[in-house]
Every structure is written in structure tokens, then in C-alpha cells.
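Thanks, everyone; I would like to take a few minutes to walk through one model with you.

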Amino acid sequence: GRMAEDLLLGFVRELPPGVTEIYCHPATRPVPELGRSRPGEGPEAEFRALTSPRVTEALGRTGAERIAFTDI
């Protein structure tokens with residue numbers, strides 16, 4: 001519940017070559033079950049960070065691409 005946009009942008013700036021996994025639990029609505037075990041801004045903030053135009057632009061500048069774990 002703490003993967004906010006600024007934190008994710010910081011990770012993107014420091015990506016090493018190869019595969020990097022960024023672990024999140026994004027959601028488009030409040031998820032009370034996650035809020036109890038993971039205090040912070042929550043899954044909705046993670047969803048906004050992962051879909052942020054700023055993050056998309058930053059990834060594009062690095063040449064990185066978003067994939068699912070099953071794509072590896």
C-alpha cells in the first residue's frame with residue numbers, strides 16, 4: 001500500500017539491466033482486507049502509480065516494458 005507514484009518513479013530511474021520485478025497489489029476500489037494488513041495509502045494509490053502517465057513516460061525513456069510474470 002505504499003507504492004506511490006514518486007517512489008515508483010525513483011525505482012524506474014534506478015532500474016538495472018535485465019528483469020526487475022516490482023511487487024504490488026493494485027486495486028481500482030477500496031479493499032478493506034488489504035487495508036488492515038498493509039497500512040498506507042492502499043491499493044488504489046498503487047493502481048494510480050502503475051497507470052500514471054509520468055511512470056509510463058519514465059519507463060519509455062529507459063526502454064523498459066511492463067510485462068506479466070508469466071511473460072518471462
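By class, how many nonpolar, polar and charged residues does the lining of the largest pocket have? Before I answer, this is a predicted model, in which local features need pLDDT of at least 70 and side-chain atom pairs count only at pLDDT 80 or more, while totals for chains, interfaces and linings use all residues. Residues are numbered from 1 along each chain as its sequence is written, and side-chain values use heavy atoms, with hydrogens and water left out.

The lining has 17 nonpolar, 4 polar and 3 charged residues, where Ala, Val, Leu, Ile, Met, Phe, Trp, Tyr, Cys and Pro count as nonpolar, Asp, Glu, Lys and Arg as charged, and the others, Gly among them, as polar. A pocket here is an open set of points on a 1 Å grid over the protein atoms alone, where a 1.4 Å probe fits, with protein on both sides within 12 Å along at least five of seven lines, and lining residues have an atom within 4 Å of a point. About 710 Å³ of space lies in this largest pocket, the volume being the space filled by probe spheres set on the points. Of its 24 lining residues, Thr20, Ile22, Glu65, Arg66 and Ile67 are the closest to its centre.

Arg66 also brings us to Ser52, since leaving aside neighbours within four places in sequence, Ser52 is in contact with Glu5 and Arg66, contact meaning heavy atoms within 4.5 Å. Ser52 is buried, with a relative accessible area of 3%, buried being under 20% with a 1.4 Å probe and protein chains only.

Technical notes: Buried means under 20% relative accessible area, exposed over 50%, partly exposed in between (1.4 Å probe, protein chains only).
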